Amino acid sequence: MRIAVIGSSGAGKTTLARRIGAALSIPVIELDAINWQPGWRALFEDDPDEFVRRVEAATAGPDWVSDGNYRLAMPVLLRRVTDLIWLDYGRARTMTQVIWRSASRAFSQDELWPGTGNREDFRRWLDKEHPIRWAWDTLEGRRRRYAQLFADPRLAHIAKHRPRRPREADGLIAGWAARSAPASLGGGGSVNG
């Protein structure tokens with residue numbers, strides 16, 4: 001399976017991708033980890049060709065799950081995905097999650113992507129590009145864009161999933177995990193449902 005998880009900042013894309021990766025024993029590709037370089041330098045802005053090359057290399061394998069919304073990455077992902085998940089959670093849930101995530105990262109001062117030195121900073125919370133502002137400002141635009149993406153007839157070959165609540169995303173994982181589990185002693189089963 002090749003799965004891409006998209007959605008608003010703070011919706012829980014990375015968390016869901018990690019859960020899927022663990023449940024299916026497939027690699028997790030975090031597009032933010034590819035993009036963000038030391039000193040908060042954005043590779044997709046500084047060297048878009050290199051960003052696309054790295055995304056292509058990361059998604060060259062037979063099975064993976066990615067998370068992220070980079071416009072430059074979408075054509076690469078859409079050429080290869082078998083399943084597309086749009087976490088379409090409401091504004092209240094998304095904003096609660098993004099604020100909680102930002103606060104816990106700011107307090108812990110953990111490095112966000114190993115080797116970058118990038119850490120959350122309370123002083124940046126009002127910046128237009130900070131995830132809290134970004135989530136608030138872009139949520140409705142993303143919803144419109146993803147609704148168009150899901151309706152695009154050129155993508156009819158991709159299985160599309162639009163969980164609107166975490167329990168719906170949990171159901172996806174449970175279903176895939178059950179189909180990918182080794183066959184029981186008494187019968188056959190699918191390895192990669």
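## Helices H6 and H7

H6 and H7 are roughly antiparallel to each other (angles over 145 degrees count as such). Helix H6 covers residues 91-108, and helix H7 covers residues 131-151. Their axes come within 9 Å and cross at roughly 165°. Axes here are lines fitted to C-alpha atoms, for helices over the stretch in contact, and angles run from 0 to 180 degrees between N-to-C directions. H6 passes H7 in a right-handed crossing: the near helix is turned clockwise from the far one by less than a right angle.

On the H6 side, the residues that meet H7 are Arg91, Met95, Val98, Ile99, Arg101 and Ser102. H7 contributes Pro131, Ile132, Ala135, Trp136, Leu139 and Glu140. Contact means heavy atoms within 4.5 Å. By class, this contact has eight nonpolar, one polar and three charged residues. Ala, Val, Leu, Ile, Met, Phe, Trp, Tyr, Cys and Pro count as nonpolar; Asp, Glu, Lys and Arg count as charged; the others, Gly among them, are polar.

## Basis of the model

This is a predicted model: local features need pLDDT of at least 70, side-chain atom pairs count only at pLDDT 80 or more, and totals for chains, interfaces and linings use all residues. Residues are numbered from 1 along each chain as its sequence is written, and side-chain values use heavy atoms, with hydrogens and water left out.

## The sheet

Five strands form an open, parallel sheet in the order E2-E5-E1-E6-E7. The edges are strand E2 (28-30) and strand E7 (159-161), each pairing on one side only. From one strand to the next, the twist averages 20°. Helices (H or I, at least four residues) and strands (E, at least two) are DSSP runs, numbered from the N terminus. Two strands pair if DSSP finds at least two bridges between them.

E2 is joined to strand E5 (residues 64-67) by three bridges. There, Glu30 stands opposite Asp67. Asp67 is also the bridge partner of Val5. E1 and E5 run parallel, joined by four bridges. E1 pairs with E6 over five bridges, also in the parallel sense. Ala4 has Leu84 in E6 as its bridge partner.

## Burial and covering helices

Five of the six residues of E1 are buried, so this strand is largely enclosed by the rest of the structure. Buried means under 20% relative accessible area (1.4 Å probe, protein chains only).

Helix H1 (residues 13-24) lies across E1 (2-7), E2, E5 and E6 (83-87). H1 runs at about 160° to E1. Helix H8 (residues 166-180) lies across E1, E6 and E7. H8 runs at about 155° to E6.

Definitions and conventions:
Buried means under 20% relative accessible area, exposed over 50%, partly exposed in between (1.4 Å probe, protein chains only). Angles under 35 degrees count as roughly parallel, over 145 as roughly antiparallel, 65 to 115 as roughly perpendicular and the rest as oblique.
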